[in-house]
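Have the viewer open and follow along.

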Amino acid sequence: MYDMTIRLQTGRGTSLYEQIYGHIKGEIRDGKLLAGERLPSTRALSEYLQVARSTVEYAYGQLMDEGYIEARPYKGYFVCPVEELAGLEGMQESSGGKQENGGRCVTGRIRGEAQGGVTGKGAGNCPGCIDFSPVDIDMSVFPFSVWKKITRNILTDANSELFARGEAQGDMGLRQTICRYLHSSRGVNCVPGQVILGAGNDYLLLLLEKILGRHVPIAMENPTYIRSYQIFRSFAYPVVALGMDQGGMLPDRLEKEGVRVAYVMPSHQFPTGTVMPVGRRMELLRWALGGEGRYLIEDDYDSEFRFRGKPIPALQSLDRQGKVIYIGTFSKSIAPAIRVSFMVLPPSLLEVYRRDCSFYSCTVSRIDQRILDEFIRDGYFERHLNKMRKLYRDKHELLLEKLEPLKERFSVSGENAGLHLLLRTKRNVTEEELLDKAAEQGVRVYGMSAYEIGTSPEREGMDLDPGSRKEKPGAVLLGFGGLSPDQIREGMERLGEVW
């Protein structure tokens with residue numbers, strides 16, 4: 001890591017963030033900071049310089065926008081390769097490095113960014129941006145005092161038993177509570193012995209590979225949740241990407257492709273927002289019954305948030321022959337840091353798990369399991385969900401209201417559930433143009449191509465179509481979960497000016 005010495009001067013007419021920006025930019029141009037060199041974190045540099053962390057974030061954000069540095073997820077900030085900066089020498093320098101457009105900071109999309117939260121909340125930072133992330137949630141009404149009280153009581157009353165190794169599938173108390181919750185809210189039919197807890201869906205999918213076996217042909221909807229795709233590819237599973245109609249995955253294609261497993265999100269498909277009708281669900285179940293070793297993986301990631309009509313029962317609730325593997329999580333409904341996901345195995349696969357995989361330890365802390373168990377069992381979870389539903393419903397209606405002036409140019413879908421909407425252009429405007437125009441206004445939106453198997457250069461090992469993003473009609477996601485009402489209004493005002 002580069003040891004940075006910056007002499008900041010107050011009262012000289014140049015803001016502190018501009019001085020930090022100018023110093024680092026000069027070091028890169030002079031060759032004192034070399035390509036690939038890691039910069040201090042924003043926290044470390046702000047503490048060293050005794051300035052606010054946001055000051056450093058603004059400086060780094062401007063450097064990223066201009067292509068001098070890049071943010072690598074979970075690794076930090078690094079100097080860009082020199083050859084990528086060669087074209088910058090002839091560019092006109094703005095005074096102090098901040099460009100203005102009608103009084104608003106122009107914050108372009110970060111180079112190399114995987115749009116749509118493929119690596120989480122989008123790659124890198126975008127200081128000052130209004131970020132319509134489809135993966136962010138609102139933590140403003142989380143009952144921190146209740147969570148602290150439960151934690152304190154559990155630790156006060158804890159004995160050595162709580163700190164001993166627990167059951168491989170997770171503690172029985174929480175599994176019983178989850179079974180009751182799933183049956184009452186989603187119609188899922190299961191017993192605690194079928195439930196396996198894990199620290200996130202990633203672990204459960206890794207465990208599922210041990211249960212299903214190696215090199216299992218699997219079908220996925222296209223577009224889809226790319227993280228699951230990447231996990232299946234890491235298993236060396238042959239992945240078949242199937243297109244969808246307004247009802248979701250087409251079952252007749254499954255028979256033709258000869259797959260054994262289909263991964264679906266019937267209650268709210270990501271990213272299209274499609275809700276699979278019951279007729280299509282029955283077709284998928286008939287396909288699963290039509291051959292030995294066929295299964296459906298139902299990812300029910302955000303079924304709690306439905307804004308119109310009655311809740312739709314899970315696909316698993318229709319299954320009478322043990323063909324559905326049900327996966328859910330508390331990350332969306334409670335908090336991302338609550339890394340508790342659950343998988344409900346059909347009886348035939350449960351036997352395989354107990355025979356071949358029961359030696360794997362549970363990856364969720366027993367203390368966290370106990371806290372979550374009491375949070376749900378004592379009614380706090382249901383009260384929290386009711387607050388969140390109202391909060392998200394208000395934001396959802398506000399976003400739809402602000403989209404009304406754009407209805408002549410865009411069609412809107414996925415508006416019945418979930419925390420994002422999908423906009424498709426009715427005119428000859430590409431995704432690239434939509435993203436660039438939004439970025440010029442300091443707004444981050446997310447392109448559909450980031451979720452399409454076979455179209456994004458980040459997807460190693462696929463047949464790529466470099467021109468697809470520029471030639472296809474524009475389709476973008478607008479998430480609203482992590483934004484305040486004022487941010488939604490301001491963001492849509494900015495988008496309305498350029499879209």
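Two strands count as paired if DSSP finds at least two bridges between them. Strands (E, at least two residues) and helices (H or I, at least four residues) are DSSP runs, numbered from the N terminus.

A quick word on the source. This is a predicted model, where local features need pLDDT of at least 70 and side-chain atom pairs count only at pLDDT 80 or more, while totals for chains, interfaces and linings use all residues. Residues are numbered from 1 along each chain as its sequence is written, and side-chain values use heavy atoms, with hydrogens and water left out.

**The big picture**

The protein chain has 16 helices and 19 strands. Of its 499 residues, 54% count as buried, where buried means under 20% relative accessible area, exposed means over 50% and partly exposed is in between (1.4 Å probe, protein chains only). Take the contacts (heavy atoms within 4.5 Å) between residues at least 6 apart in sequence: 72% of them join residues at least 24 apart.

**The sheet**

Strands of a sheet pair through backbone hydrogen bonds, either parallel or antiparallel. Here, 4 strands make an open sheet in the order β15-β16-β19-β18, with antiparallel pairing. The edges are β15 (410-413) and β18 (446-447), each of which pairs on one side only.

| Strand pair | Sense | Bridges |
|---|---|---|
| β15 and β16 | antiparallel | 4 bridges |
| β16 and β19 | antiparallel | 5 bridges |
| β18 and β19 | antiparallel | 2 bridges |

Ser 413 has Leu 422 in β16 as its bridge partner, and Leu 422 is in turn bridged to Leu 477 in β19.

β15 and β16 form a hairpin with 6 residues between them. In that turn, Gly 414 has a positive phi of about 70 degrees.

How many residues of β19 are buried? The count is 5 of 5, and β19 is mostly covered. Ala 475, Leu 477 and Gly 479 point one way from β19, Val 476 and Leu 478 point the other way, and all are buried. As for β16, 5 of its 6 residues are buried, so the strand is largely enclosed by the rest of the structure.

**Helices on the sheet**

Helix α13 lies across β15, β16 and β19 (475-479), running at about 15 degrees to β16. Angles here run from 0 to 180 degrees between N-to-C directions, and axes are lines fitted to C-alpha atoms, for helices over the stretch in contact. Helix α14 (residues 431-440) packs on the sheet too, touching β15, β16, β18 and β19, and its direction makes about 40 degrees with that of β19.

**Helix against helix**

Two packed helices are described by the angle between their axes and the distance between the axes. Helix α13 (residues 380-403) packs with helix α16 (residues 485-498) at an angle of about 15 degrees, with the axes 10 Å apart. The two are therefore roughly parallel to each other; that label goes to angles under 35 degrees, while over 145 is roughly antiparallel, 65 to 115 roughly perpendicular and the rest oblique. On the α13 side, Lys 395, Leu 398, Leu 399, Lys 402 and Leu 403 make the contact, and on the α16 side Pro 485, Ile 488, Arg 489 and Met 492 do. By class, that contact has 6 nonpolar, no polar and 3 charged residues. For the bookkeeping, Ala, Val, Leu, Ile, Met, Phe, Trp, Tyr, Cys and Pro count as nonpolar, Asp, Glu, Lys and Arg as charged, and the others, Gly among them, as polar.

What about helix α12 (residues 366-377) and α13: at what angle do their axes cross? They cross at roughly 70 degrees and come within 4 Å, and α12 and α13 are therefore roughly perpendicular to each other. Glu 374, Phe 375 and Ile 376 of α12 meet Tyr 380, Phe 381 and His 384 of α13. Those residues divide into 4 nonpolar, 1 polar and 1 charged.

**Two residues elsewhere**

Ile 226 sits in helix α8 (residues 226-234) and counts as buried at 2% relative accessibility. Val 191, in the loop between α6 (172-186) and β6 (195-198), is partly exposed, with a relative accessible area of 47%.
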